[in-house]
Amino acid sequence: MEAALRLSDNIEVAAILTMHGELMRRQPGFTQHAGRFRQEAVWIGRDNAGPIGADFVAPQHERVPDAVQDIVEFAKRDDLPVLIQVAAAHAQFETIHPFVDGNGRTGRALAQAMLRSK
């Protein structure tokens, strides 16, 4: 959270990657993914066999950088009520699911950074 607050004055893709890196660098088994967008398909659900039985399948990993950049551009707008803007950005971030793990933590940190920057 401290990284998110430090980076709240300049919400950019690099800042989001830094937030994720700070949150995940001590997570056993995931240190190689800390601060990096996923390079694989991810899904949410009970079926570990693949995405066919998943409750949700995130967008293809090739689309993640541009999708996160869209969130950054959306966060810069000043023509929306702040809480609605933060809620929409958070929902979109979680839908993109840009990381192998730590999406919820990073999304919450991003929401706090957006609130502070506004």
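**Ground rules**

I am working from a predicted model, where local features need pLDDT of at least 70, side-chain atom pairs count only at pLDDT 80 or more, and totals for chains, interfaces and linings use all residues. Residues are numbered from 1 along each chain as its sequence is written, and side-chain values use heavy atoms, with hydrogens and water left out. Helices (H or I, at least four residues) and strands (E, at least two) are DSSP runs, numbered from the N terminus.

**Entry: histidine 97**

I checked the backbone at histidine 97. Its phi is near 50°, a positive value in a residue other than glycine. Most residues other than glycine have a negative phi. Histidine 97 follows α4. Histidine 97 counts as buried, at 14% relative accessibility. Here buried means under 20% relative accessible area, exposed means over 50%, and partly exposed is in between, with a 1.4 Å probe and protein chains only.

**Entry: helix α4**

I then moved back along the chain to α4. This helix covers residues 82-96, which is 15 residues. At 1.5 Å a residue it should span 21 Å, and its end C-alpha atoms are 21 Å apart, which agrees. The expected span is 1.5 Å times one less than the number of residues.

Which residues of α4 are buried? I listed Gln85, Val86, Ala89, Phe93 and Ile96. Seen down the axis of α4, these buried residues fall within an arc of 95°, so they line one face of the helix. The arc is that of the directions from the helix axis to the C-beta atoms. An α-helix has 3.6 residues a turn, so residues three or four places apart point the same way. On the other side of α4, I found Leu83 and Ile84 exposed.

What do the buried residues of α4 pack against? They pack against α2 (13-24), α3 (64-75) and α5 (103-117). Contact means heavy atoms within 4.5 Å.

**Entry: α3 against α4**

I took the α3 partner next. Two packed helices are described by the angle between their axes and the distance between the axes. The axes of α3 and α4 come within 10 Å and cross at roughly 175°. The two helices are therefore roughly antiparallel to each other. Axes are lines fitted to C-alpha atoms, for helices over the stretch in contact, and angles run from 0 to 180 degrees between N-to-C directions. Roughly antiparallel is the label for angles over 145 degrees.

I wrote down both sides of the contact. From α3 come Val64, Ala67, Val68, Ile71, Phe74 and Ala75. From α4 come Gln85, Ala88, Ala89, Gln92, Phe93 and Ile96. These residues divide into 10 nonpolar, two polar and no charged. Ala, Val, Leu, Ile, Met, Phe, Trp, Tyr, Cys and Pro count as nonpolar, Asp, Glu, Lys and Arg as charged, and the others, Gly among them, as polar.

Proline 65 also lies in α3. I found proline 65 partly exposed, with a relative accessible area of 38%.

**Entry: isoleucine 96**

Not counting residues up to four places away in sequence, isoleucine 96 touches Arg38, Ala58, Pro59, Val64, Ala67, Val68 and Ile71. Its C-alpha atom is separated by 9.0 Å from that of histidine 61, 35 residues apart along the chain.

How buried is threonine 106? I read a relative accessible area of 0%. Leaving out residues up to four places away in sequence, threonine 106 touches Ile16, Met19, His20, Leu23, Phe93 and Phe99.

**Entry: methionine 24**

My last stop was methionine 24, in helix α2. It counts as buried, at 1% relative accessibility. Methionine 24 touches Phe30, Thr31, Ala34, Asp101, Gly102 and Arg105, again not counting residues up to four places away in sequence. Methionine 24 and arginine 105 are 81 residues apart in sequence and 9.2 Å apart in space, C-alpha to C-alpha.

How values were computed. Angles under 35 degrees count as roughly parallel, over 145 as roughly antiparallel, 65 to 115 as roughly perpendicular and the rest as oblique.
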